[in-house]
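Open the model in your viewer and keep the sequence panel beside it. The stops below go from one selection to the next.

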Amino acid sequence: AGWMARQLRQAARQDARVAHFPEGALSGYAGTDFGTFTGYDWDALDRVTDGIRELANELGIWVAAGSAHRFSDASAPHNSLYVISDRGEVAGRYDKRFLGHTDLDHYSPGSQFTTWDIDGIRCGALICYDYRFPELYRHYVTLDVQLMFHSFHAGNIPPERVAAIGAAIGPQYAPLNPAATLTYPGVTMPAVMTASAACNNLWISCPNSSAPESLWPAFFVRPDGITTGRLERNQPGVLLSTVDTDQDLYDSTGPWRRRAIAGTLHSGELAHDDH
């Protein structure tokens with residue numbers, strides 16, 4: 001909460017309209033940042049969340065922040081992204097839909113898409129492992145989303161674990177797979193965000209935890225698949241990105257995207273030949 005408050009003030013000084021934080025930024029990430037939710041201080045989380053809401057109102061800035069949502073004493077909490085308006089009101093919440101095997105030990109999956117508008121721009125949200133399922137991005141296209149807030153937590157990983165993953169991939173392949181770290185997420189996640197932006201014509205904000213070892217640094221992608229900014233891996237920082245929905249950007253799939261989503265899986269008109 002202290003880091004978030006400092007970075008919110010820094011973002012506000014740079015006239016940012018919205019600040020986007022990683023998965024589990026406020027609550028911590030169960031199984032990685034702490035062991036389990038057993039004995040978790042939910043009252044403390046409520047207090048610091050209220051503090052962030054008050055600061056958002058004071059600064060007049062929107063906040064999209066990873067946290068946990070307890071909704072039932074009988075079920076595991078959701079892994080969530082809270083959307084807080086520039087008046088300090090909770091404007092929405094996205095609950096991570098696809099959880100990895102270890103995540104399922106701590107969290108319950110969500111089942112809803114979440115959209116909201118900031119200054120006339122329709123926004124949507126996903127969290128980390130959701131990136132492996134392109135169907136989610138395709139559905140957000142049908143909801144007229146223009147800007148995606150995709151929070152990640154791929155940090156706080158022991159260096160020996162990072163080295164072991166790289167060894168399993170094969171260090172001889174490192175020159176062919178340029179990435180911040182030779183790990184499966186380090187290679188595939190930035191590539192998928194680039195492809196998701198270009199294939200769906202979406203702006204995508206991709207913050208990641210900066211806790212060492214982080215598998216990649218936070219970055220931002222525009223709808224033609226071009227990365228417009230990137231922070232330093234393992235280092236906290238604020239990345240300022242500009243969304244201009246009037247910008248004329250390359251979109252080769254635009255004429256056929258909605259048809260493909262609707263099930264017409266070809267361009268143009270089919271030939272009709274009886275022979």
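Which residues in α5 are buried? They are Gly 186, Met 189, Pro 190, Met 193, Ser 196, Ala 197 and Asn 200, where buried means under 20% relative accessible area, exposed over 50% and partly exposed in between, with a 1.4 Å probe and protein chains only. Before going on, note that this is a predicted model, in which local features need pLDDT of at least 70, side-chain atom pairs count only at pLDDT 80 or more, and totals for chains, interfaces and linings use all residues. Residues are numbered from 1 along each chain as its sequence is written, and side-chain values use heavy atoms, leaving out hydrogens and water.

**Stop 1: helix α5**

Look down the axis: the buried residues of α5 fall within an arc of 130°, so they line one face of the helix. The arc is that of the directions from the helix axis to the C-beta atoms. The cover over these buried residues includes α3, β7, β8, β9 and α6 (257–261), with contact meaning heavy atoms within 4.5 Å.

Now select Thr 183 at the start of α5: one of its side-chain oxygens reaches to within 3.0 Å of the backbone nitrogen of Gly 186. Just after the helix, Asn 201 has a positive phi of about 55°.

**Stop 2: the sheet**

Two strands pair if DSSP finds at least two bridges between them.

Ala 125 stands opposite Phe 149 in β7.

**Stop 3: His 20**

Select His 20 in strand β1 (residues 18–20). His 20 is buried, at a relative accessible area of 15%. Its side chain makes polar contacts (N or O atoms within 3.5 Å, one able to donate a hydrogen and the other to accept it; residues adjacent in sequence count only if both atoms are side-chain atoms) with the side chains of Ser 151 (2.7 Å) and Ser 205 (2.8 Å). Not counting residues up to four places away in sequence, His 20 touches residues including Ala 64, Leu 81, Phe 149 and Pro 207.

Key:
Helices (H or I, at least four residues) and strands (E, at least two) are DSSP runs, numbered from the N terminus.
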